[in-house]
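Open the model in your viewer and keep the selection panel at hand. The tour below goes stop by stop, saying what to select and what is there.

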Amino acid sequence: MELHKTSSRFNKRWWLGGGLSAVALAIAAGVAVNANGADAGSKPDAKDRKDAPKTLRFTASEVVQPQRQALRAVVEFSGPLVAPNTAIVRAKGGGTLLNLAAPEGSRVKAGQSLGTLDLEDLRQRVNERQAAVEASRAQAAQAERTHLANEGLARQNFIAPTALDSSRAQLDSARANLAAARAQLETVQVALRQATLTAPISGWVAKRHAVPGEKLQLEQAVVTVVDLSQLELAGLVGTHEVSRLKPGMAATLRIEGHTEPVAAKIARISPAAEPGTRSIGVTLSLSNPGEQLRAGQYAVASVTLDDPEPRLTLPQTALMGSSGQQAVWVIDGGELKRRLVTVGRQDAKEGRVEILSGVDAKAQVLAARYDNLREGTKAEIDAGKAKVAAAAVPATAR
């Protein structure tokens with residue numbers, strides 16, 4: 001009896017222990033099954049989400065529509081400043097340069113003496129011509145007295161008419177010789193006056209071409225005098241732009257060494273293009289009352305042309321590609337599409353460019369350039385978003 005009770009208690013313990021173990025194994029198996037079932041169900045959902053098409057969201061400020069506005073065109077050309085009123089003082093007679101009282105950079109006035117030449121040869125020629133004039137005058141006087149005497153004799157019939165005609169011819173010849181001698185004297189006297197080296201205009205001595213003691217030849221350059229009160233800029237403009245320029249148009253000059261712009265006007269336009277180029281010369285004139293500007297300074301001229309009518313325009317930052325083929329990204333039907341455009345006039349100051357074809361005024365165009373964009377990608381405008389979707393990385397605007 002005692003043994004039976006002991007066995008019964010042992011069997012009950014084994015049954016309870018085995019039952020608890022079975023329950024534990026069942027719970028563990030259920031957890032494992034649920035875990036496996038959850039993983040099996042989650043993997044297709046993640047794959048579906050990965051393969052699902054992404055939608056790029058842009059803020060309202062990142063999308064623009066073409067606007068109609070006037071675009072001012074700017075024609076630019078450059079070149080050095082030149083002084084049109086420039087005079088070169090030349091020696092009008094051969095001789096030794098005794099002195100030159102005109103250093104470079106000095107101010108001179110019209111008629112001022114610039115130097116002295118040894119003009120002994122010219123003076124001797126003047127004396128020679130004066131003597132020739134006196135000899136011709138004496139011959140003319142003698143011929144006149146002879147002719148008067150012959151006229152008296154002819155009235156008394158003491159000489160033949162042919163003799164009177166001969167004396168008259170001699171008188172005319174003597175008078176002509178006197179006039180020629182006087183003209184030659186005046187020519188030498190003018191040469192003597194011009195050989196005194198005087199300033200022909202008021203201005204600045206830009207360069208000295210001779211030094212004292214040098215033997216000068218006829219027409220040899222001695223001094224260059226420059227008038228800086230009026231300057232010019234001569235530049236070249238392409239044939240496709242010069243037709244829009246006219247004499248009298250206002251221009252702005254940016255001159256090296258000067259921070260403030262200088263006003264100028266178009267003085268003249270060349271009637272023909274330069275050989276070998278497709279450029280035409282355009283000359284600007286500018287006043288220089290304070291003579292602060294100098295000839296030879298480099299300057300860049302800008303002529304602004306007003307636009308007579310508004311044009312369909314976009315920001316320059318919206319365009320991508322080279323000048324030969326440019327395109328923009330547009331949002332059309334909820335998708336990104338790349339449109340080729342033809343551009344026209346540009347306004348660099350306003351940062352806008354004319355669109356001739358490719359998009360209309362209702363197009364929604366991305367205002368900046370972005371990398372990693374693909375045509376057909378879903379896109380929409382979200383006013384609540386402040387940044388572009390992470391899938392599109394903005395490129396630096398050119």
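Where pLDDT is low, the predicted coordinates should not be read in detail. For the protein chain, the mean pLDDT is 81, and 82% of residues reach 70 or more.

This is a predicted model, in which local features need pLDDT of at least 70 and side-chain atom pairs count only at pLDDT 80 or more, while totals for chains, interfaces and linings use all residues. Residues are numbered from 1 along each chain as its sequence is written, and side-chain values use heavy atoms, with hydrogens and water left out.

**Helices H2 and H3**

Select residues 120–155, which form helix H2. Helices (H or I, at least four residues) and strands (E, at least two) are DSSP runs, numbered from the N terminus. The expected span of a helix is 1.5 Å times one less than its number of residues.

Glu 120 is in H2. Because its relative accessibility is 38%, Glu 120 counts as partly exposed; buried means under 20% relative accessible area, exposed over 50%, and partly exposed in between (1.4 Å probe, protein chains only). Show Thr 96 as well: it lies 24 residues from Glu 120 in sequence and 9.6 Å from it in space, C-alpha to C-alpha.

Buried residues of H2 include Leu 122, Val 126, Val 133 and His 147. What covers them? The cover of the buried residues of H2 includes H3. After H2, click on Asn 157, whose phi is positive, near 65 degrees.

Now select residues 161–194, helix H3, whose 34 residues should span 50 Å; the end C-alpha atoms are 50 Å apart, which agrees. Among its buried residues are Leu 164, Leu 171, Leu 178 and Leu 185. The cover of the buried residues of H3 includes H2.

**Ser 279**

Move to strand S15, residues 279–287, where Ser 279 is found. Is Ser 279 buried or exposed? Ser 279 counts as buried, because its relative accessibility is 18%. Leaving aside neighbours within four places in sequence, the contacts of Ser 279 are Leu 236, Val 237, Gly 238, Thr 239, Ala 273 and Glu 274.

**Pocket and cavity**

On a 1 Å grid over the protein atoms alone, a cavity is a set of points where a 1.4 Å probe fits but cannot get out, and a pocket is an open set with protein on both sides within 12 Å along at least five of seven lines; lining residues have an atom within 4 Å of a point.

Select Arg 72, Val 74, Glu 76, Ser 302, Thr 304, Asp 347 and Lys 349, which line the largest pocket. Strand S4 (73–82) and strand S16 (298–305) are the elements that give two or more residues to this lining. The largest pocket holds about 150 Å³ of space.

Last, select Ala 318, Met 320, Trp 329, Leu 366, Ala 368, Arg 369 and Tyr 370, which line the largest cavity. The volume of the largest cavity is about 30 Å³.

Conventions. Contact means heavy atoms within 4.5 Å. Grid points are joined across faces, edges and corners, and a volume is the space filled by probe spheres set on the points. pLDDT is the predictor's confidence in each residue, from 0 to 100.
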